[in-house]
Amino acid sequence: MSEQPRRPRKPYRRPHKDPVRILAFEALRAVDERDAYANLVLPPLLRKAREKGDFDARDAALATELVYGTLRRQGTYDAIVADCVDRPLREVDPPVLDVLGLGVHQLLGTRIPSHAAVSATVELARVVLGDGRAKFVNAVLRKVARDDLDGWLERVAPPYDEDPEDHLAVVHSHPRWVVSALWDSLGGGRAGMEQLLAADNERPEVTLVARPGRATRDELLAEEAAVPGRWSPYAVRLSEGGEPGAVDAVRENRAGVQDEGSQLVALALANAPLDGPDRRWLDGCAGPGGKAALLGALAAERGAFLLASEKQPHRAGLVAKALDGNPGPYQVITADGTRPAWRPGSFDRVLVDVPCTGLGALRRRPEARWRRRPEDLDGFAPLQRALLRGALEAVRVGGVVAYATCSPHLAETRAVVADVLKQFPDTDLIDARPLLPDVPDLGEGPDIQLWPHLHGTDAMYLALIRRTA
């Protein structure tokens, strides 16, 4: 019996190195391995790639979309991948999951043709994972490519009527506990929750603030990509492609990047009526300095002094940089707001924007939704209460304290205010809504909760409190 001739082996082909997808993978690994934030990791990677000549503006835009899109939709994509593999996801190596996430996002979240999305992702897997695991990636993505996003959601999301929270968690890519917490705060039915969760998955606009006395909104509006903000008289939005670093006023520190919700918090405190003088203001948790810079400019217009206090030295440095060039008197100090470096009753206006879970800024930091746990609330609770107590002790009788946080979770907002005010009976909650007369949908008051889907801002919370005795 004659031997069958052996088929000649295919010559080895080196994998094609795609700098865009390799960069996106590196950013995702940094987020996963170092608990980094994409908005801090990605810019230096893009800058380095541009300096090497590997990237143009379109490459940078694609890399940004791949990173943020994959992070925002991670929960949805994980549910889809789980349906396509024969083992629990926890048994799949994290780098493999990152490559699969990038591939699934290209297939289901972009206009990249399916064959190109699979091919490019398999090539990426060959480069960063090796040929063996690239075959696994190829097999999974070919299964994913058999249906579109709507079809997959019908398959992997439980019916809304059977489990509303889990349905919304899978469809809109939020942890179930976050869906539950947001629903408790928002109230209402399904439609509002769908709109809120969808807004969390949209790319936020870049918003600038013209610091009063140093820049005008008209100056910023002269920029090619600029349009007016919705609510703040100092806000300007940059349309897609607008680059803050290209704006003269930003480079010169006369304007800055600041979400409009943060601007409204500072404006409400500045506009609150006082009984008595208006000479000394305090920002008790000033880092990284956006609100302090706006408060400092507003205080300067009235001849008032601003003390900006920040516990962490490196963040105090950022505050000092933000306030550099402020036209009025100010001082930046490194101090703990729970152990004040000032005498009680020293200030007319006090802002305390407390550390929190950051659930109100999921548009900007999508990875935070997967990083936070319900038990984190217990970790923040004592500090939030201590900082508010310190603020109330720092303000004089007749003065006003603003308690703010970038979280809508009731445990970080109304629960904190209610608990602390039990210890300070000589206080009144001020109705903050009339201080922002052009902003709709502010609720029943007296406090304010902003929402991405209603206001186009981060979900900032604000309560204004007056010392009465």
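Guide: Let's start with domain 2 and domain 3: their C-alpha centres lie 28 Å apart. Across that pair, 16 residues of domain 2 are in contact with 16 residues of domain 3, contact meaning heavy atoms within 4.5 Å. The assignment behind those names lists domain 1 (19-149), domain 2 (157-200) and domain 3 (260-467), with bounds taken from an automatic or database domain assignment.

Some ground rules before we go inside. This is a predicted model, so local features need pLDDT of at least 70 and side-chain atom pairs count only at pLDDT 80 or more, while totals for chains, interfaces and linings use all residues. Numbering runs from 1 along each chain as its sequence is written, and side-chain values use heavy atoms, with hydrogens and water left out.

Strand S9 (residues 395-405) is mostly covered, with 10 of its 11 residues buried; buried is under 20% relative accessible area, exposed is over 50%, and partly exposed is in between (1.4 Å probe, protein chains only). Strands and helices here are DSSP runs numbered from the N terminus: at least two residues of E for a strand, at least four of H or I for a helix. S9 has strand S8 (residues 347-353) as a parallel partner, joined by six bridges, and strand S12 (residues 461-467) as an antiparallel one, also joined by six bridges. For two strands to pair, DSSP has to find at least two bridges between them. Tyr 403 is a handy landmark: it is the bridge partner of Val 352, and it also stands opposite Ala 463 in S12.

Ile 465 is buried, and its relative accessible area is 0%. Leaving out residues up to four places away in sequence, Ile 465 touches Leu 388, Leu 392, Gly 399, Val 400, Val 401, Val 417, Leu 421, Thr 427, Asp 428, Leu 429 and Ile 430. Ile 465 and Val 350 are 115 residues apart in sequence, yet their C-alpha atoms are 9.8 Å apart in space.

On a 1 Å grid over the protein atoms alone, a cavity is a set of points where a 1.4 Å probe fits but cannot get out; a pocket is an open set with protein on both sides within 12 Å along at least five of seven lines, and lining residues have an atom within 4 Å of a point. Points are joined across faces, edges and corners, and a volume is the space filled by probe spheres set on them. S8 and helix H18 (376-394) each supply at least two residues of the largest cavity's lining, and H18 has the largest share, four residues.

The largest nonpolar core has 53 residues, and Phe 55, Val 67, Leu 108, Val 137 and Val 144 touch the most other members. Such a core is a set of buried Ala, Val, Leu, Ile, Met, Phe, Trp, Tyr and Cys residues joined through side-chain atoms within 4.5 Å. Helix H1 (residues 19-34) gives the most to this core, nine residues. Domain 1 and domain 2 both give residues to this core, so it lies between them. Val 144 touches Ile 80, Cys 84, Val 104, Leu 107, Leu 108 and Trp 152, again not counting residues up to four places away in sequence. There's also a second, separate core of 41 residues, which includes Leu 264, Ala 270, Ala 299 and Leu 323.

One last stop: the second largest pocket, with a volume of about 610 Å³. It is lined by 19 residues, of which Asp 32, Gln 74, Asp 78, Asp 98 and Trp 370 are the closest to its centre. H1 turns up again among the elements giving two or more residues to that lining, alongside helices H3 (57-72), H4 (74-82), H5 (94-108) and H17 (368-371). H5 gives the most, with four residues.
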